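Please keep the sequence and coordinates at hand while reading.

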Amino acid sequence: MGTFSALILRSAAGLGVAALAALAPVVAQAAEPWGIPHEKPVVLKGRVIEALCHLKGVCAPDCGAGKRQLGILDADGRFRLVGKGQVDFAGAAPDLAGFCGREVEADGLLIENPAITLFFAQGVREAGSTAPFTPTERFKTQWEARNGAAPEWWRADPEANAIIAETGPLGIKGLVPKPKP
């Protein structure tokens with residue numbers, strides 16, 4: 001989990017989103033700890049919004065229909081970038097897109113790293129609902145509908161493989177990783 005956690009935090013830091021601190025009240029939390037430094041299981045309550053629209057005023061209809069980074073704006077005006085869902089190496093935008101502009105409760109881990117604050121949603125439901133949280137796994141369902149099942153979707157992803165074939169595994173044509181000793 002340490003390497004995975006570091007990867008996620010490095011990826012999130014690249015988003016350039018300012019860190020905000022504070023928690024919404026905890027409501028029937030069930031988030032599973034992942035052992036990530038600075039994590040806190042919480043239930044966030046707030047409105048689902050598009051990050052780029054909120055931060056830069058560049059808005060898309062329907063919050064980008066699951067193709068843009070989403071976040072949760074709480075009643076105190078704190079924006080929480082939702083950086084990840086339950087699927088390895090995948091975000092929760094497909095799970096939140098259907099709630100665009102609506103109030104939700106999201107169960108997950110708030111990562112308050114000194115460099116950035118992120119929220120990893122493990123489940124989501126309509127605000128005020130007593131229904132169980134719906135796991136944030138929609139990315140995998142949608143990916144498998146397009147590509148078929150794969151034990152590790154990220155290794156089988158045709159789009160990622162095409163990019164790697166064109167630019168190399170480090171994203172720069174001709175640059176290759178150093179061999180491991």
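The points below take the salt bridges in turn and then the glutamine. The model is predicted, and its salt bridges come to a count of eight.

**Salt bridge between strands**
- Glu 112 and Lys 40 form a salt bridge, with 2.8 Å between the closest N and O atoms.
- This pair joins distant parts of the chain, since Glu 112 lies in strand 4 (residues 103-112) and Lys 40 in strand 1 (residues 39-50), 72 residues apart.
- Glu 112 is buried at a relative accessible area of 19%, whereas Lys 40 is partly exposed at 37%.

**Salt-bridge network**
- A network of salt bridges links Asp 74, Asp 76 and Arg 78.
- Within the pair Arg 78 and Asp 74, the closest N and O atoms are 2.7 Å apart.
- Arg 78 is buried, with a relative accessible area of 18%, and Asp 74 is buried as well, at 11%.

**Salt bridge of Glu 152 and Arg 155**
- The side chains of Glu 152 and Arg 155 form a salt bridge with an N to O distance of 2.6 Å.
- Glu 152 is partly exposed at 33% relative accessibility, while Arg 155 is exposed at 57%.

- Gln 122 belongs to strand 5 (residues 117-126).
- Gln 122 counts as buried because its relative accessible area is 8%, under the 20% cut-off.
- Its side chain reaches the backbone nitrogen of Glu 32 at 2.6 Å.
- Leaving aside residues up to four places away in sequence, the residues that Gln 122 touches include Ala 31, Glu 32, Trp 34, Gln 86, Asp 107 and Thr 134.

Note on methods. Residues numbered from 1 in each chain as written. Predicted model: local features only at pLDDT ≥ 70, side-chain atom pairs only at ≥ 80, totals over all residues. Heavy atoms only, no water. Helix = DSSP H or I, 4+ residues; strand = E, 2+ residues; numbered from the N terminus. Buried < 20%, exposed > 50% of the residue type's maximum accessible area, 1.4 Å probe, protein only. Polar contact = N/O pair within 3.5 Å; in protein donor to acceptor, adjacent residues only side chain to side chain. Contact = heavy atoms within 4.5 Å. Salt bridge = Lys/Arg side-chain N within 4 Å of Asp/Glu carboxyl O.
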